[in-house]
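Student: Hi! I have a new structure open and would like a walk through it. Can we begin?
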Amino acid sequence: MIDPRSSRQVTEDQVDEYGLRLVLLRPPTAAGIGAIQLRLGHTAFGEIRFSLCGHDRRAILVSVGVEEKHRRRGAGRVLVAAARARATRYHWTMLPLGEDPVTVAFWATVGAVGPQSPHPCTHQIEQGVVPAESRWTKKWW
Ligand SMILES: [Zn+2]
């Protein structure tokens, strides 16, 4: 579909009108939640949101979404590969998937990036990457 490597991802200023592009939206602050969107021209039809802490080498996958009419064509898989490509030697965890059958089926096909139990570092907690007051922000590490 599209090459997910980091080197092929573009930023907002490099978006053109017609191409299929993976567009990197950097987080506003280090360890905050950033995103990669799959866009056709200026229209985004899929997005993955995640947090990376380069200092602690932790990555947390927050969400993946693809517009319904664009599903089942590999868009979600490409987004996951694109996020992973930005943090290849990181310890990846994910927010719990819940029980939505579409979500469960998606991850069963693509393969989870890590355990469904987020393991945030202090920077990621400060940035609110995991829901506040959740059991994951307790200091059990
Ligand atoms: Zn950190």
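Student: In what order do the elements of the chain run from the N terminus on?
Tutor: They run β-β-β-β-β-α-β-α-α. That comes to three helices and six strands, where helices (H or I, at least four residues) and strands (E, at least two) are DSSP runs, numbered from the N terminus. This is a predicted model, in which local features need pLDDT of at least 70, side-chain atom pairs count only at pLDDT 80 or more, and totals for chains, interfaces and linings use all residues. Residues are numbered from 1 along each chain as its sequence is written.

Student: What is the order of the strands in the sheet?
Tutor: The sheet is open, its six strands lie in the order β1-β2-β3-β4-β5-β6, and the pairing is mixed. Two strands pair if DSSP finds at least two bridges between them. At the edges are β1 (10-11) and β6 (91-94), each of which pairs on one side only.

Student: And what holds paired strands together, in general?
Tutor: Strands of a sheet pair through backbone hydrogen bonds, either parallel or antiparallel.

Student: OK, which way do β3 and β4 pair, parallel or antiparallel?
Tutor: Antiparallel, over eight bridges. β3 and β4 form a hairpin with two residues between them, and G41 in the turn has a positive phi of about 60 degrees.

Student: How many bridges do β4 and β5 have?
Tutor: Eight, and the sense is antiparallel. Here G46 has V66 in β5 as its bridge partner. The hairpin of β4 and β5 has four residues between the strands.

Student: Which residue in that hairpin takes a positive phi?
Tutor: R57, with a value near 55 degrees. R57 sits in the loop between β4 and β5, and a positive phi is found there in a residue other than glycine.

Student: Is R57 buried, exposed or partly exposed, and why?
Tutor: Partly exposed, because R57 has 13 C-beta neighbours inside 10 Å. A residue is buried if 20 or more other C-beta atoms lie within 10 Å of its own, exposed if 12 or fewer, and partly exposed in between, with C-beta atoms placed from the backbone.

Student: Where is A31, and what is its phi near?
Tutor: A31 lies in the loop between β2 and β3. Its phi is near 70 degrees, again positive in a residue other than glycine. A31 counts as buried because 23 other C-beta atoms lie within 10 Å.

Student: Where do I find T43, and is it buried or exposed?
Tutor: T43 is in strand β4. It counts as exposed because it has 9 C-beta neighbours inside 10 Å. The C-alpha atoms of T43 and Y18 are separated by 9.6 Å, and these two residues are 25 apart along the chain.

Student: Back to the sheet. How do β5 and β6 run, parallel or antiparallel?
Tutor: Parallel: four bridges join β5 (residues 58-66) to β6. R58 stands opposite H91 in β6, and L61 stands opposite M94 in β6. Between these strands the chain crosses from β5 through α1 to β6, and this β-α-β crossover is right-handed. Right-handed means that, with the strands pointing away from the viewer, the path from the first strand over the helix to the second runs clockwise.

Student: Which strands does helix α1 touch?
Tutor: α1 (residues 75-85) packs on the sheet and touches β2 (20-25), β3 (33-40), β4 (43-53) and β5. Two residues are in contact if their C-beta atoms, placed from the backbone, lie within 7 Å.

Student: How many residues of α1 are buried?
Tutor: Eight of its 11, so α1 is mostly covered. Among them are A75, V78, L79 and V80. What covers these buried residues includes β2, β3, β4, β5 and α2 (101-110).

Student: Last topic, the whole chain. How much of it is buried?
Tutor: Buried residues make up 28% of the 141 residues. Among contacts between residues at least 6 apart in sequence, 49% join residues at least 24 apart. The C-alpha atoms fill a box of roughly 45 × 35 × 25 Å, taken along the principal axes.

Key
Axes are lines fitted to C-alpha atoms, for helices over the stretch in contact, and angles run from 0 to 180 degrees between N-to-C directions.
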